[in-house]
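Work through the exercises below with the sequence and the model open side by side. Each task is followed by a solution in steps.

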Amino acid sequence: MNDKYLEEYKNQMYEYKKQLYKDHHLNSLFIEMTLRCNARCEHCGSSCGDVIQKDEITKEEIYKVLEDICNSGIYDPRKIMLNITGGEPLVRKDMFEILAYADRLGFPWGITTNGMLIDEEVVKNMVKTHMYSVSVSIDGLKETHENFRKVPGSYEKILKGIELMMKEPSIKVVQVTTCVNKKNINELEELYQLLLSKKVPYWRIVTVDPIGRAKDNDDILLNGEEIKRMVRFIREKQIENKMVVSYGCGHYFGFNMDYDIRNHPFICYTGVNVASILSNGDIFVCPDVKRLPELIQGNIRKDNFVEVWEKKFKIFRTMNRTCNKKCKACSEWKLCGGDALHTWDFEENKPLMCSKEYFKEDYRIQKELQNRKKRQEARKKKKAK
Ligand SMILES: C[S@@+](CC[C@H](N)C(=O)[O-])C[C@H]1O[C@@H](n2cnc3c(N)ncnc32)[C@H](O)[C@@H]1O
């Protein structure tokens, strides 16, 4: 793309985002069912585990939120996807009761799970409550996964659960999510072959971010060279085209890497089209964002969710929500906007990482080649005259 078109593209994207922020139409609601979890992942962004959570939201409190949305006169429940997460959502005994109610009200829903509790009975309940999509976390080959998540002997059960769900035509998306880190980066090809042999249709790859427990286990984070290897891997697999392999929603890798690894441009929609109800009832943006008291927008125990969504959330709906002098001066600011909200360091007012920086040298060479081509063409034209 030449410079003129690139500038036009940046301006169009910027205007598009501005409009999204203005409209702030809710289309995705995370419900963090619990912080309890049957795994002890080294990277857990929410530091979940064996907690006894006294303030966990009750099913009646969740019903109230869903009813508020239906009665708002603004939102059609059929157009709001409920993303069920945790902790491990399947440890909650009343989960399917809650989702049966959500289903009756018309909400589509999907779940992110570690897959350890999926069996025939659970799949039956998923089908009964019309689950649309499921994302199962697999963080490497058997040994790596089980060590990383501290759950010996769980791997086969998880794979069996995936097979069971794939047999159900009413479950439209069965996806595996892998959090790439130092311990599994060398296993990506073998894991790909394994998922391919199981006919898994979607593989979502993300990187471990320095949040929650991963902040203390920072030796598992990828360095720049490893991130580049992962990106190259995703691109190769997209060319092979045997499975839908894509990078998750976080992080801007520079123009036009986003198209190559996720088939759409980078936009962090949280607080704009995406909200969450945390397991203590707090009304928030993505559950991965640091839960600073000043960022919490309300609590379902005392507030009407829709009113909070419509009237508050202002700090997340300005174009400068994640911004500092350095970012603003960057030539790709209009496309990146400070990167993902969950990796913005609000205390230091800077991004925890700038993923575009890893590709700086590649982009410099690309630019140099473009300039050389331009000079050659100009010389040719001059000669022809
Ligand atoms: C918080 S878990 C909750 C659902 C479920 N227990 C599971 O393991 O999938 C949701 C997703 O977040 C990912 N995750 C957790 N910590 C992360 C981190 N530090 N960086 C990036 N992703 C992370 C998990 O691997 C998982 O795919």
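**Exercise 1.** Find what the buried residues of helix α3 pack against.

Solution. Start with the helix itself: α3 covers residues 95-105, and its buried residues are M95, I98, L99 and A102. They span an arc of only 95° around the axis, so they lie on the same side of α3; the arc is that of the directions from the helix axis to the C-beta atoms. Next, look at what they pack against: α2 (59-70), β2 (81-85) and β3. Last, step past the end of the helix, where G106 follows α3 with a positive phi near 110°.

The terms are as follows. A residue is buried if 20 or more other C-beta atoms lie within 10 Å of its own, exposed if 12 or fewer, and partly exposed in between, with C-beta atoms placed from the backbone. Two residues are in contact if their C-beta atoms, placed from the backbone, lie within 7 Å. Helices (H or I, at least four residues) and strands (E, at least two) are DSSP runs, numbered from the N terminus.

The model is predicted: local features need pLDDT of at least 70, side-chain atom pairs count only at pLDDT 80 or more, and totals for chains, interfaces and linings use all residues. Residues are numbered from 1 along each chain as its sequence is written.

**Exercise 2.** Sort the residues of helix α7 into buried and exposed.

Solution. The buried residues are L188, L191, Y192 and L195. Their arc is only 105° around the axis, which puts them on the same side of α7. An α-helix has 3.6 residues a turn, so residues three or four places apart point the same way. On the face turned away from the buried side are the exposed residues E189, E190, Q193 and S197. The cover over the buried residues includes β5, β6 and α9 (224-240). Just after the helix, K199 has a positive phi of about 65°.

**Exercise 3.** Trace the chain from β5 to β6 and describe how β6 is placed.

Solution. Strands β5 (residues 173-180) and β6 run parallel and are joined by six bridges; strands count as paired if DSSP finds at least two bridges between them. Between β5 and β6 the chain passes through α7 (residues 188-197), in a right-handed β-α-β crossover. Right-handed here means that, with the strands pointing away from the viewer, the path from the first strand over the helix to the second runs clockwise. At the residue level, V180 stands opposite T207 in β6.

**Exercise 4.** State the strand order of the open sheet and find its edges.

Solution. The order is β7-β6-β5-β4-β3-β2-β1-β8-β9-β10, ten strands with mixed pairing. At the edges stand β7 (244-247) and β10 (298-299); each has a single partner strand, so one side of each is left without a neighbour in the sheet.
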